[in-house]
Amino acid sequence: MTRYVYRFGGDVSDGGQGDKNLLGGKGANLDGMASIGLPVPPGFTIATPVCALYYENGESFPDSLKAEVATGVAHIESVTGKMFGDAADPLLVSVRSGARVSMPGMMDTVLNLGLNDATVVGLADTSGDARFAWDSYRRFIQMYSDVVLELDHGRFEEALEIAKEDRGYSLDTEMTADDWRKLVEEYKAIVVELWGKPFPQDVHDQLWGAIGAVFGSWQSERAKVYRRLNDIPGDWGTAVNVQAMVFGNMGDTSATGVAFTRDPATGENAYYGEFLINAQGEDVVAGIRTPQYLTRAAREKAGAKPLSMEEAMPEAYAELARVFDQLERHYRDMQDIEFTVERGKLWMLQTRSGKRTAKAALKIAVDMANEGLITREEAILRVDPSALDQLLHPTLDPNAPRDVLTKGLPASPGAASGITVFDSDTAEKRAAAGEAVILVRVETSPEDIHGMHAAKGILTARGGMTSHAAVVARGMGRPCVSGAGTLSIKASEGVMRIGTREVREGEVLTIDGSTGEVMLGAVPTIQPELAGDFGTLMVWADEVRRLKVRTNAETPLDCRTAREFGAEGIGLCRTEHMFFDAARITAVRQMILASDEAGRRAALEKLLPEQRSDFIEIFEVMVGLPCTIRLLDPPLHEFLPHEESEFEEVAKAAGLDVETLRRRAAELHEFNPMLGHRGCRLGVTYPEIYEMQARAIFEAACVVAEKSGAAPVPEVMIPLVGTKRELELMKTVVDRAAQAVFAERGRTIEYLVGTMIELPRAALRAGEIAEAGAFFSFGTNDLTQTTLGVSRDDAGRFLTTYVEKGIYARDPFVSLDVEGVGELISIAAERGRATRPDIKLGICGEHGGDPASIAFCEQTGLDYVSASPYRVPIARLAAAQAALRAR
């Protein structure tokens, strides 16, 4: 028969061996604390598999569970010497949740279970404290009615407040035993009114009701949201822990508290926490009373008057300090602890690895490695790479007031304040005048690149986490909130509306790209600090990682930022962004509007020195490093005007009449441009475009080589290749340009020609494509779109639902679809290497900065990942972790 209940405490352990998957985190750690001799109230854990069975059986329990729970209750009775339901000396228990990973506050708890009209009298007699007994009973009725019976919590709070007002009290602690007894009668009357039945008096009915409620809370809305936000699978389930109650509300020699063995905000090696004398656990976290500090140093630093636990209860504090040290040594991590002191005796109720900020995680990991508590490899694995985002961007001052207007998607981390502007030209103009601006758009396009660059932050009403705005903003290190669907933007009127509120152009907005919040007015920010522990951990990470880490960058500033963050070259330089520059867009449009090759070449001659200058600036930053340059990719119509008002201006600049311009724009219009005349298809029909770009690349490389004595290594990437012949044709164009430049300059430099794999056909035919290409760079943004048949800019409407319903484990544009897109990458890598064993393989989509996707790249044996500049440290740490886990 399958075992479902595991006992702990009182020198009894039913095994489970601290298995969090079986016992949940809380149950495993209670058993662990008991096994090392710490004072843990006895109890038992109902294992996590019961949670799944509970839902599979229509919210009913397995037949064998009743007998096992009875054995568990008998264990607690034998250790405590009290009987469950005994009117003379009653055993009371707590019923708590405990998933395999901590989900603080997301699931339900019931305390003081086992009290009824008879046992409350026995508790008063045995404790010698009638006030404590009746206070415990009213707490139990209030909590049980809320959690199990699902009655209106506010009615009980209201009754308590009225009772205090009627007696002229301001604090709960002023209530007498008689006051609590009368309130209990009121509470029972509220239960009858709202539930239609008396409050349950049978202690076994109470217990099973609480167990069912805890399992039921696994599917509560707040728990589901928390799981989705933290990538916790819904099928894990929770355990239930039933444990003898110990009481912190038995007078001035009793207390309860929550503590961390190190500061969870800073990582400082100092005890951190709060406690309350004569209180129960929920009082500390509910904010009903102001907790006191744990240590004298913390109290004095805060200038607080109430004595710390160190001063008020020195013996219990000294024992607690010893327990802190013992737990850190045992679990080898910073611990988050709940404790109770009952009449001077310390009891440990919970320990778990404490939640911490990124800054604290870094410091704790590095300090513990230096202390010899963990190895450097373990320190690397202790820090969540994604959490580094908190350190790489300005963050809002957590203590500053904020007026939140709405919330969108946290598309690019960091925070910024500035005046509201609704178009890119205005953003550029006002930024040039020294103003900080927030660019607000319905959605952005490549034409907004100058405004996005000028802005301190970007806000869009449409688009997802991998929309144009999100991708470009992350690359620039700009905070971005996208998909703020409650925004109604009227750019022509210079106003946006959120419900009944309006924000006009020129008014100050603050956005938080880490949370998605949009706030009216300026909110102070805190600048990141990247020295010290950050640098130490990065050095350790670089020593163990195999994957190289490059950056996606196309401006000198992006390149310098990425190099400062440790980038080892460029994995993707998008040349089209350079074409949108105001100084050269006219020549680009002349090239597009030209009626023949001669006209196109004349326009391209004007662009050549501009492109060469772009590449010189980039190569100077990346001297001696590989630089993958993607030749022109987007369809030509993106460079033409879209608004009616622009046609006349462009026609005049191009020397054409407006009708000719409109006709040409109509000719270039495509119904599905993402799969239209773009990428290498442009190069095949207009090879002179790629010829000019290749010449600019090689001329720039030669210039930098002459200046510095060390050339970069250009890797010329042909986009959207689906056949070997396409790549052969384009390689011929690039090679011819290279040889011409080398002949003119009298020097040669190393270079490679390869392709971006972003079509399923290219992945499947990678063996023959590798005959022409020296490298593959997997463009996972488009490869995901073309494999799934999903537009990333439109998917925000349904992808959240798909993730919630388990169709995708995560948003496939955020974390690689390993089963589908990943299999295509594996096939392409295998077939490419079979043809060309030394082929260079990398990934340059947004997934290059996602830790889970990087782990897949390590398993597949790719050579490098490429991420936006501000995600380079994340990629370095994730690559190190992937290498360590692969050992």
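**A walk through the chain**

Modeller: This is a predicted model, and the protein chain in it has 36 helices and 33 strands.

Colleague: What does the C-alpha trace span along its principal axes?
Modeller: About 105 × 60 × 55 Å.

Colleague: And how many of the 887 residues are buried, as a percentage?
Modeller: Buried residues make up 56% of the chain. The chain exposes about 35400 Å², with carbon and sulfur atoms supplying 49% of that area.

Colleague: What about contacts between residues at least 6 apart in sequence?
Modeller: Of those contacts, 68% join residues at least 24 apart.

Colleague: Switching to charge: how many positive and negative side chains are there?
Modeller: There are 95 positive and 129 negative ones, and the centres of the two sets lie 4 Å apart.

Colleague: Now zoom in on H29. How far does that helix reach?
Modeller: H29 covers residues 724-745, 22 residues in total, and reaches 31 Å from its first C-alpha to its last. That is close to the 32 Å expected at 1.5 Å a residue.

Colleague: Which of its residues are buried?
Modeller: Among them are Leu727, Met730, Val733, Val734, Val741 and Phe742, and the buried set also includes Glu726 and Asp735.

Colleague: What do those buried residues pack against?
Modeller: The buried residues of H29 pack against helices H27 (680-685), H28 (687-708) and H31 (766-769), plus strands E29 (713-718) and E30 (752-757).

Colleague: And what follows H29?
Modeller: Glycine 746 does, with a positive phi near 70°.

Conventions:
Residues numbered from 1 in each chain as written. Predicted model: local features only at pLDDT ≥ 70, side-chain atom pairs only at ≥ 80, totals over all residues. Heavy atoms only, no water. Helix = DSSP H or I, 4+ residues; strand = E, 2+ residues; numbered from the N terminus. Buried < 20%, exposed > 50% of the residue type's maximum accessible area, 1.4 Å probe, protein only. Contact = heavy atoms within 4.5 Å. Areas by Shrake-Rupley, 256 points an atom, 1.4 Å probe, with all protein chains shown as cover. Lys, Arg positive; Asp, Glu negative; His and termini not counted. Charge placed at Lys NZ, Arg CZ, Asp CG, Glu CD. Expected span 1.5 Å × (residues − 1).
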